[in-house]
Amino acid sequence: MSPLPSMMPVAEVAHPGGADEIKQAMRPVPKPGDGEVLVRVAAAGVNRPDVLQRMGAYPPPPGASDILGLEIAGEIVALGPNVAGLSIGDQVTALVTGGGYAGYAIAAAPLCLPLPAGFGMIEAAALPENFFTVWTNLFERGGCTRGDTVLVHGGTSGIGTTAIQLAAAFGARVFATAGSPAKARACEKLGADRGIDYRGEDFVEVVRRETDGRGVDLILDMVAGGYVHRNCEAAATDARIVTIGLQGGTHADVDMGLLMRKRLNLSGSTLRPRSVAEKAAIADGLRRNVWPLLSAGKVRPIIFATFALAQAAAAHRLMESSTHIGKIVLTI
Ligand SMILES: NC(=O)c1ccc[n+]([C@@H]2O[C@H](COP(=O)([O-])OP(=O)(O)OC[C@H]3O[C@@H](n4cnc5c(N)ncnc54)[C@H](OP(=O)(O)O)[C@@H]3O)[C@@H](O)[C@H]2O)c1
């Protein structure tokens with residue numbers, strides 16, 4: 001293998017703001033620490049949290065790289081001390097706390113997963129952020145199980161396309177909201193029983209009608225704000241509602257009487273600040289339960305567009321236009 005360069009290309013944000021603030025630069029290649037590996041990045045996923053970080057609304061947690069990028073796929077080129085089960089030359093996909101929009105990135109060894117059978121780097125890079133988030137929120141926290149009825153908000157997002165497919169693959173009946181009739185139909189193609197155009201239809205009414213007034217057992221919500229009360233209205237008795245995004249606002253007016261009468265379980269989580277050990281437990285769940293589905297082609301990442309690293313600003317503009325269905329990926 002050729003020696004590692006000392007410098008690498010990155011896309012960095014010098015000042016929080018619009019997509020034009022993403023600048024190309026050169027930075028030193030980082031060195032892996034205890035329990036870490038250095039990955040030569042072939043592709044990196046773009047996620048809504050990257051857009052929020054670029055705008056200054058989602059600062060990296062202490063110790064994380066300030067470079068954008070929460071997920072990568074590539075080849076391991078160096079090992080830090082105390083790394084077991086991984087070797088130089090391994091092709092992996094990894095959840096990282098930052099630093100993905102770069103030629104090389106550091107990953108914690110337990111958060112590296114092998115490429116599912118038949119996967120290329122672009123598809124592999126589209127997995128970690130969405131699959132870790134959906135597995136821990138929909139399945140571990142939300143307890144999604146066969147026979148559940150599930151409502152996924154933002155069904156055509158990277159998160160939504162993952163949640164629809166996984167919930168359906170595990171035997172749930174899925175409803176999904178999206179911002180146009182065409183996107184609602186795209187949700188149905190991914191396995192939703194009924195896509196709901198949230199601009200033209202009232203999701204509470206549709207869900208109630210489709211479930212004979214019963215409501216849904218589980219809701220994955222990335223909107224919050226005004227959706228919190230409406231989620232409670234759309235929920236069945238004993239339902240679980242898991243919030244993972246705040247696109248509609250951080251505060252909500254909740255009818256606590258409704259919550260008590262229906263015995264609802266409201267929860268939420270963020271992935272990025274959790275410890276390596278907590279994320280490693282999620283990785284184990286994915287390896288056992290989801291990687292076989294990916295390798296068998298039963299669930300797949302939906303790649304909408306790819307951009308070169310130098311076009312990272314255009315990738316962000318596309319995400320902010322919300323015209324995409326599925327994932328946007330950078331190639332390096
Ligand atoms: N908590 C965590 O650990 C965690 C981790 C990763 C991501 N997230 C969150 O998950 C969300 C999706 O992330 P992503 O990277 O997949 O982003 P994305 O592809 O840009 O998706 C954003 C989605 O939000 C939908 N949306 C916006 N307003 C809506 C509304 N009123 N009703 C229903 N849907 C609405 C959009 O739908 P239309 O385009 O159809 O309007 C779009 O599908 C973001 O909020 C992100 O911050 C949370």
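Is Arg185 buried, partly exposed or exposed? Arg185 is partly exposed, with 37% relative accessibility. The legends below describe close-up views of a predicted model.

View A. An α-helix has 3.6 residues a turn, so residues three or four places apart point the same way. Glu188, at 27% relative accessibility, is partly exposed, and Arg185 is likewise partly exposed, at 37%.

**View B. Strands β9 and β10 pair in the parallel sense.** Strand β9 covers residues 173-178 and is joined to β10 by 4 bridges. Thr177 stands opposite Ile196 of β10. Between β9 and β10 the chain passes through helix α5 (residues 181-189), and this β-α-β crossover is right-handed. Strand β10 (residues 194-197) is covered on both faces. Arg194 and Ile196 are buried on one side, and Gly195 and Asp197 are buried on the other. In a regular strand the side chains alternate between the two faces of the sheet.

**View C. Arg173, Asp193, Arg194, Glu201 and Glu210 are linked in a network of salt bridges.** The structure has 15 salt bridges by the rule applied here. Arg194 of this network is also one of the buried residues of strand β10.

**View D. A salt bridge joins Arg27 and Asp66.** The closest N and O atoms of this pair are 2.9 Å apart. Arg27 belongs to strand β2, whereas Asp66 lies in the loop between α1 and β4, 39 residues apart in the chain. Asp66 is partly exposed, with a relative accessible area of 41%.

**View E. A salt bridge joins Asp202 and Arg230.** Here the closest N and O atoms are 3.1 Å apart. The pair links distant parts of the chain: Asp202 is in the loop between β10 and α6, and Arg230 is in helix α7, 28 residues apart. Asp202 is partly exposed at 29% relative accessibility, as is Arg230 at 25%.

**View F. Helix α11 has buried residues that pack against several elements.** The helix spans residues 312-321, and its buried residues include Ala312, His316 and Met319. Among the elements they pack against are strands β1, β2 and β3 and helix α1. Ser322 follows the helix and has a positive phi, near 55°.

**View G. The structure holds 0 disulfides.** Cys187 is in no disulfide, and the nearest cysteine sulfur, that of Cys144, is 16 Å away. Cys187 is buried, with a relative accessible area of 0%. Cys112 is buried too, at 3% relative accessibility.

Note on methods: Residues are numbered from 1 along each chain as its sequence is written. This is a predicted model: local features need pLDDT of at least 70, side-chain atom pairs count only at pLDDT 80 or more; totals for chains, interfaces and linings use all residues. Side-chain values use heavy atoms; hydrogens and water are left out. A disulfide is a pair of cysteine sulfur atoms within 2.5 Å. Buried means under 20% relative accessible area, exposed over 50%, partly exposed in between (1.4 Å probe, protein chains only). Helices (H or I, at least four residues) and strands (E, at least two) are DSSP runs, numbered from the N terminus. Two strands pair if DSSP finds at least two bridges between them. A crossover is right-handed if, with the strands pointing away from the viewer, the path from the first strand over the helix to the second runs clockwise. Contact means heavy atoms within 4.5 Å. A salt bridge is a side-chain nitrogen of Lys or Arg within 4 Å of a carboxyl oxygen of Asp or Glu.
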